Amino acid sequence: MDLEGGMSGDFFTDVPARIKFGGPDSTDPLAYAVYQPDRMVRGKRMADQLRIAVCLWHSFNWPGSDVFGVGTFDRPWLAPGVDPRTASQAKLDAAFEFIDKLGVPFFAFHDRDVAPEGRTYAETRANLDASVDRIEKHMQRTGARLLWGTANLFSHPRYAAGAATNPDPGVFAYAAAQVKTMLEVTNRLKGANYVLWGGREGYETLLNTDLAQEEVQFARFLAIVAEHKHKIGFAGTLLIEPKPQEPTKHQYDYDAATVMGFLQRHDLAGEYRLNLEANHATLAGHSFHHEVATAIALGGFGSIDVNRGDYQNGWDTDQFPNSVDEVALAVYEILVAGGFTTGGFNFDAKLRRQSISRTDLFHAHIAGIDTLARALLAAADMVEHDTLAAPRKERYADWSNELGKSILGGSVTLAELERGIAAGEIDPKPRSGQQELLEGAVNRRIWRAGSS
Ligand code: XUL
Ligand code: CO
């Protein structure tokens, strides 16, 4: 690859100009078996239901290193000694070549994915502006859109003790400057959302941590970010991404319910929604389905970072999703709730360290996208066959009766309920939860989905 290269890119030379639909019987790994962007599913194009994004960090700004070893990947722009500006340009050219060939509508990035930190704040800003100019040209050329932008508030040593929750207000100020800049960049690129992941907003040890003080700082930070969003007229959604731990031992944005409680406590629930990540759900001891259903129930659902963990270990492996069974249930909840508004499915997923060929990045995304597409077809089938909605409705039907309404309407007291029980007027009988029946019914839809 020519590192000074042209905008159209020539990095993925073994891959055709556009990944096409090959159908379920296709043996071509560089074709989709299920994903058909224009196929209509419940009134929308598949592409508009899924709103798929490629992330620029794992896929283009990570060399394949792990805690025991250096990078293994063929990413010439990450090689030592390459001039940083040349490297950023080559990286962006390869990334947009990839997005264009894959044929997905969106991408997502952190400031530091596209531009390195300079020696001064002004130099850092100039690096970013040069990259954003190039991104804008690529967006015009390819039609790719920004699902979300974000600021990296966790890699630089200044953030070792947190960003907004740092004991030093100067670090809070630095984080504020970075978020202000990226919020404005996201606005300039007409991003659909802006994400805040509190990677180091938490603690390593309680011995040196004032939890109440850090909570106040964090709430203040989120309030001034929302204030600036309105000031600049950013039309996208602000999203918070929960994760329970890693890199810090404990992170404040533990899971969907914790974040929603925090937002409500600080009168911020109207300003933020959630960006849920599948592997973060499993790290918190939940299923992905649980996190999606909780966010929807609490009125905070926004977007998804799609990936998967590994059930044999306890860290954030960020593998590409491959289980239709798991993803279909989450997609079902999203469909029933009306589908994505500004959110989408962002592939916050990374290759294994041995997947060193350039086409591995395509194989990973194609298989992940087909998993999403099939999950969507299964979820749509579940909606159409009333697989879960009807039994759920029936299970709660008594709450529409006189007793249920009087309880929820607030007109009944503990004493009155006791009187009803004592008089035998209220006489509840146990009923089957029918879990196995429902599990079987869901499986039938998953097995049949999209075959007609
Ligand atoms: C880290 C993670 C981040 C956020 C954006 O686990 O998921 O990449 O998605 O900062
Ligand atoms: Co993520």
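The dialogue below goes through several features of this predicted model.

Q: Which residues and atoms count in this model?
A: Local features need pLDDT of at least 70 and side-chain atom pairs pLDDT 80 or more, while totals for chains, interfaces and linings use all residues. Side-chain values use heavy atoms, without hydrogens and water, residues are numbered from 1 along each chain as its sequence is written, and chains are lettered from A and ligands numbered from 1 in the order in which they are written.

Q: How many aromatic pairs does the structure hold?
A: Rings of Phe, Tyr and Trp (its six-membered ring) pair if their centres lie within 6.5 Å; planes under 30 degrees apart are stacked, over 60 edge-to-face, and the rest tilted. The structure holds 20 aromatic pairs. In one of them, the ring centres of Phe154 and Trp197 are 4.8 Å apart and the planes stand at 70 degrees, so the pair is edge-to-face.

Q: Which parts does the pair of Phe154 and Trp197 tie together?
A: Helices (H or I, at least four residues) and strands (E, at least two) are DSSP runs numbered from the N terminus. Phe154 is in the loop between β7 (145–150) and α6 (169–188) and Trp197 is in strand β8 (residues 193–197), so the pair ties together parts that are 43 residues apart in sequence.

Q: Is Phe154 buried or exposed?
A: Buried means under 20% relative accessible area, exposed over 50%, and partly exposed in between (1.4 Å probe, protein chains only). Phe154 is buried at 15%, and Trp197 is buried at 19%. Another edge-to-face pair is Phe340 with Phe345, at 5.1 Å centre to centre and 90 degrees between the planes; Phe340 and Phe345 are buried.

Q: Which ring does the charged end of Arg158 sit over?
A: The rule is that NZ of Lys or CZ of Arg lies within 6 Å of the ring centre and within 35 degrees of the ring normal. The charged end of Arg158 sits over the ring of Tyr174, 3.6 Å from its centre. Lys350 lies over the face of Trp62, 5.3 Å from the ring centre.

Q: What are the protein donors of the cobalt ion (ligand 2)?
A: Donors are N, O and S atoms within 2.8 Å of the metal (3.2 Å for Na, K and Ca); water is not among the atoms, so sites may look incomplete. Here the protein donors are Glu241 (OE), Glu277 (OE), Asp305 (OD) and Asp348 (OD), 2.0 to 2.1 Å from the cobalt ion. Asp305 lies in strand β13 (residues 301–305) and Asp348 in the loop between β14 (345–347) and α12 (358–384), so the pair ties together parts that are 43 residues apart in sequence. Asp305 is buried at 0% relative accessibility, and Asp348 is buried at 7%.

Q: Where does Asp318 lie, and what is its phi?
A: Most residues other than glycine have a negative phi, and most peptide bonds are trans. Asp318 lies in the loop between β13 and α11 (324–336), and its phi is near 50 degrees, a positive value in a residue other than glycine. Asp318 is buried, with a relative accessible area of 5%. Asp386 also has a positive phi, near 55 degrees, but is partly exposed at 40%.

Q: Which peptide bond is cis?
A: The bond from Glu246 to Pro247 is cis, with omega near 10 degrees. Pro247 is in the loop between β10 (237–241) and β11 (250–251).
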